[in-house]
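Colleague: Please show me the model, and then let us examine it step by step.

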Amino acid sequence: MVITVTGGAGFIGSNFIFHMMKKYPDYRIICLDKLTYAGNLSTLDAVKDNKNFRFVKADICDREAVYKLFEEEKPDILVNFAAESHVDRSIENPDVFLQTNIMGTAVLADACRKYGIKRYHQVSTDEVYGDLPLDRPDLLFTEKTPIHASSPYSSSKAAADLLVLAYNRTYQLPVTVSRCSNNYGPYQFPEKLIPLMIANALNDKPLPVYGEGINVRDWLYVEDHCTAVDLVIHKGRVGEVYNIGGHNEMRNIDIVKLICKELGKSESLIKYVEDRKGHDMRYAIDPTKIHDELGWLPETKFEDGIKKTIGWYLENKTWWETIISGEYRSYYNKMYGSKC
Ligand code: NAD
Ligand code: DAU
């Protein structure tokens, strides 16, 4: 089995590569990644010398490079994690989100069509459903919830979902789509809530909480997302969408206070700052379909996962300190400089 993983030098893609190489040592895994600010080759150090692994630096929008890879490797499955993934950056500069998340997906889908892939899997997000009200805990996103995206990021992801599902209907491309809730765990870029708060707390810097901090996210340990995608690509039904989430809704402020507590830092570091534009209030996934059809259940409880994650950031300071000293520093100053 040959699997191409696009975006495999990022947070979830790299964890997925580790999961697959451990579970299926005979599979050949090809990682195609442009190495944007969010991609880090050193993340893949543990697998880079494995004879069944190959890394290719390329842009998913580069048709020639993508087709060349297909000619060379003839993958059976493509799992597309490659994306611009940070909502705040999409609000500042939507262009690159439209380019990578929509046009890049189109190139990959065309390549899969041209070279006869057995499965194209699109890694999507619960954000395509928009948001839910705080005062209706009974409401959850199901696969039938209408698409109602709020940000340039989520609308670009929604467009990509619609495109690959249209390729299934029009060209019978064997696609599946998964829509997951917020992930946390090792190797997450420290611009996202949990690693940002860990890094800032460790450096005794302000912890910028948007608005009142009452927005709710549904957190899933990254390894549980990987096991779900593994099941969908092997057993999921072609043309179907699968929601992935572990019923773990938490308010942002409670997460930040928990991180302070775990690190022995004072809550006085918390700074309430201007809210995100169009900020989604609440996400909550109904994972009944993937559970009933494929038997998936998350394994990591949040209280264990957050301890593991904090432990990982404590043990791997070089990984994130290197990252926050580069391009990220000017991004951080631009986004937070006047706020904190
Ligand atoms: P990330 O930003 O950490 O990683 C993205 C990776 O894609 C990076 O390695 C980057 O270099 C690569 N990339 C970006 N543009 C590229 C291009 N044009 N060509 C090739 N490679 C390119 O993202 P992540 O958090 O790991 O998310 C991975 C996927 O999962 C995304 O599609 C995202 O929408 C989706 N998702 C993320 C979450 C989450 O909580 N992080 C939840 C649900 C779904
Ligand atoms: O739901 C899945 C999505 O989760 C993925 O599709 C996205 O790729 C991923 O980035 C994530 O999006 P969010 O916008 O939910 O994640 P983020 O970590 O940026 O923010 C989580 C919450 O924390 C959100 O309500 C905004 C808030 N926040 C975030 C940052 C960066 C703050 O209060 N302060 C901050 O500095």
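Modeller: A residue counts as near a molecule or strand if one of its heavy atoms lies within 4 Å of it. This is a predicted model, in which local features need pLDDT of at least 70 and side-chain atom pairs pLDDT 80 or more, while totals for chains, interfaces and linings use all residues. Residues are numbered from 1 along each chain as its sequence is written, chains are lettered from A and ligands numbered from 1 in the order written, and side-chain values use heavy atoms, without hydrogens or water.

Colleague: How many residues surround ligand 1?

Modeller: The closest residues are I12, D33, S85, Y153 and K157. By class, the shell holds 13 nonpolar, 11 polar and four charged residues; here Ala, Val, Leu, Ile, Met, Phe, Trp, Tyr, Cys and Pro are nonpolar, Asp, Glu, Lys and Arg charged, and the others, Gly among them, polar. The number of residues surrounding ligand 1 is 28.

Colleague: Which element supplies the largest share of the shell around ligand 1?

Modeller: Elements are DSSP runs numbered from the N terminus, helices being H or I of at least four residues and strands E of at least two. At least two shell residues come from each of α1 (11-23), β5 and α5. The largest share, three residues, is that of β5.

Colleague: What percentage of the accessible area of ligand 1 does the protein cover?

Modeller: Polar contacts (pairs of N or O atoms within 3.5 Å) include one of 2.6 Å between the side chain of D33 and an oxygen atom of ligand 1. Backbone N or O atoms also approach the ligand: that of K34 lies 3.1 Å from a nitrogen atom, and that of F81 lies 3.2 Å from an oxygen atom. Of the 830 Å² that ligand 1 has on its own (Shrake-Rupley method, 1.4 Å probe), the protein covers 97%.

Colleague: Which elements give two or more residues to the shell around ligand 2?

Modeller: There are 26 residues around ligand 2, and D126, Y153, R276, H279 and Y336 come nearest. Side-chain polar atoms lie 2.5 Å from a ligand oxygen for D126, 2.6 Å for R276 and 2.7 Å for H279. The protein covers 95% of the 680 Å² of accessible area that ligand 2 has on its own. Two or more shell residues come from each of α3 (87-92), α6 (193-202) and β8 (207-210).

Colleague: Where does D204, with its positive phi, lie?

Modeller: Most residues other than glycine have a negative phi. D204 is not a glycine, yet its phi is about 50°. The residue lies in the loop between α6 and β8.

Definitions and conventions
A polar contact is a pair of N or O atoms within 3.5 Å; within protein, one must be able to donate a hydrogen and the other to accept it, and residues adjacent in sequence count only if both atoms are side-chain atoms.
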